[in-house]
Amino acid sequence: MKCRWFSLLILALVSLCARAEVSISLITSYPSNREIYTLWGHSALLVGDNGKWLLYNYGVFEFSEDFAYKFVSGQTDYCLAVESPKYIVDELKWKNSYGYMQQLNLTQDEARRIVDALQENLKEEHRYYRYKFFTDNCATRPQRLLERYVEGIRYVPVNNLNSYRDYIHQLCHDEPWLRLGIDLCLGSGTDEVVPDSMVAFLPVELMRCLDSATIVGKNGDERPLVSEKTCLFTPNLKKDFDISVWETPLALCLALLFVALVSLLAAVRKATVTPARVFGSIFFLTAGVLGLLIFYLVFFSTHECTSPNFNLLWLNPLHLMTSVLLMVGARNNFSRVWMIVDLLLCACYLLLIAPLPQTTCVEFVVLSIALIISLLAYLWNDRRFFLEKFNKKTLSDKQQIK
């Protein structure tokens with residue numbers, strides 16, 4: 001009888017040890033303005049297996065000499081890496097961001113399948129993947145892993161109404177220059193409403209989805225996906241600095257508009273186009289270089305949501321030729337027609353802002369107006385040329401009768 005009870009006790013202890021054998025948690029760090037890549041937050045999986053703890057991180061990339069080209073081309077490869085979890089809190093302190101750990105309420109069979117999948121993904125032929133900001137990143141990879149190896153995960157509907165651009169604007173609230181650059185490069189696809197199934201493309205949103213998620217078993221039993229949630233670090237949220245109004249993109253755009261107006265005033269009052277030539281050549285050269293970047297993103301890059309991009313109407317490579325014509329002070333039919341076409345494209349953008357399926361910003365409107373005014377300033381002395389084109393009188397009509 002004693003041997004029987006002793007055997008049952010041993011079986012119970014083995015069962016308890018087996019239950020604690022594998023533990024999986026999701027580590028989430030909140031967005032931080034420490035670096036550009038920390039602005040979006042981060043997700044990683046913490047795995048405890050037989051007392052050994054490892055952090056599986058899908059957000060590792062190698063910085064090489066051609067990294068900038070690969071990033072613009074949409075050919076950046078990230079990989080899965082294993083790290084020691086002992087530096088988690090130190091990294092959160094460096095980022096000065098909230099950090100949370102969600103212990104997942106998984107059975108040993110479910111947890112073991114995930115660990116085996118992570119080990120398989122660590123192999124050299126599987127660990128690299130083509131990074132996509134919206135659909136394939138450090139947050140979407142762990143989510144898909146859970147959904148594949150844990151049956152019956154149910155999320156609470158969030159009924160999201162925000163677009164991808166809305167989420168980006170929220171994260172870039174304190175980084176106006178970064179927000180402007182992203183708005184410039186991302187096209188109309190960014191303004192689509194994010195479906196509930198894709199909301200977790202951001203680490204913090206993934207954490208919130210898992211908080212309320214449940215697992216429904218084959219027998220109908222329901223259990224929460226997250227068994228326990230722990231705050232790993234609480235940051236000091238005092239801002240290190242406040243950006244001045246004069247350092248914002250809008251301030252620079254208004255300054256460019258002011259210079260364009262001054263050049264137009266000089267052309268009207270003093271009949272000189274020198275200010276328009278000097279300012280316009282630099283202004284259009286810069287705009288043309290940025291236009292080349294957008295052109296490349298639209299037609300050659302494999303990045304998500306960069307095509308179509310209606311910013312090409314007002315910021316395009318045509319500005320480079322306009323800059324050359326302004327530098328040499330061209331005064332011929334070709335230069336006039338070219339500048340009129342350039343001007344009309346900018347005007348079309350302003351006229352089509354409302355019906356275009358792409359959100360604009362006040363900076364783009366101001367810059368478009370500045371480009372138009374710069375061209376008008378240079379073409380001011382040619383107004384008689386254009387007026388004569390619309391004059392329907394013949395030479396004999398203009399002669400006086402004696």
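## Basis of the description

Helices (H or I, at least four residues) and strands (E, at least two) are taken as DSSP runs and numbered from the N terminus. The model is a predicted one, in which local features need pLDDT of at least 70 and side-chain atom pairs count only at pLDDT 80 or more, whereas totals for chains, interfaces and linings use all residues. Residues are numbered from 1 along each chain as its sequence is written, and side-chain values use heavy atoms, with hydrogens and water left out.

## Backbone features in loops

Cys-305 is placed in the loop between H10 and H11, and this residue has a positive phi of about 60° although it is not a glycine.

Asn-50 counts as exposed because its relative accessibility is 58%, where exposed means over 50% relative accessible area, buried under 20% and partly exposed in between (1.4 Å probe, protein chains only).

## The seven-stranded sheet

Seven strands form an open sheet in the order S6-S4-S3-S2-S1-S5-S10, with antiparallel pairing; two strands are taken to pair if DSSP finds at least two bridges between them. At the edges are strand S6 (128–130) and strand S10 (226–233), each of which pairs on one side only. Neighbouring strands of this sheet are turned by 25° against each other on average, direction ignored, with axes being lines fitted to C-alpha atoms, for helices over the stretch in contact, and angles running from 0 to 180 degrees between N-to-C directions.

The antiparallel strands S2 and S3 are joined by five bridges, and Leu-46 has Leu-55 in S3 as its bridge partner. Five bridges also join S3 to S4, again antiparallel, and here Leu-55 stands opposite Glu-83 in S4. Between S4 and S6, which run antiparallel, there are three bridges, with Tyr-78 standing opposite Tyr-129 in S6.

## Helices

Helix H4 (residues 108–121) lies across strand S1 (22–29), S2, S3 and strand S4 (77–83), and runs at about 65° to S1. H5 lies across S1, S2, S3, strand S5 (99–104) and S6, at about 125° to S3. Within helix H5 (residues 140–149) lies Gln-143, which counts as buried because its relative accessibility is 10%. Leaving aside neighbours within four places in sequence, Gln-143 is in contact (heavy atoms within 4.5 Å) with Tyr-155, Ala-200 and Leu-206.

Helix H13 (residues 362–379) has 18 residues and reaches 26 Å from its first C-alpha to its last, close to the 26 Å expected at 1.5 Å a residue, the expected span being 1.5 Å times one less than the number of residues. Of the 18 residues of H13, 14 are buried, so this helix is largely enclosed by the rest of the structure.

## The largest pocket

A pocket is, on a 1 Å grid over the protein atoms alone, an open set of points where a 1.4 Å probe fits, with protein on both sides within 12 Å along at least five of seven lines, and its lining residues have an atom within 4 Å of a point. The largest pocket is lined by 48 residues, of which Tyr-37, Trp-40, Phe-71, Tyr-78 and Tyr-131 lie nearest its centre. Among the elements that give two or more residues to this lining are S1, S2, S3, S4 and H10.
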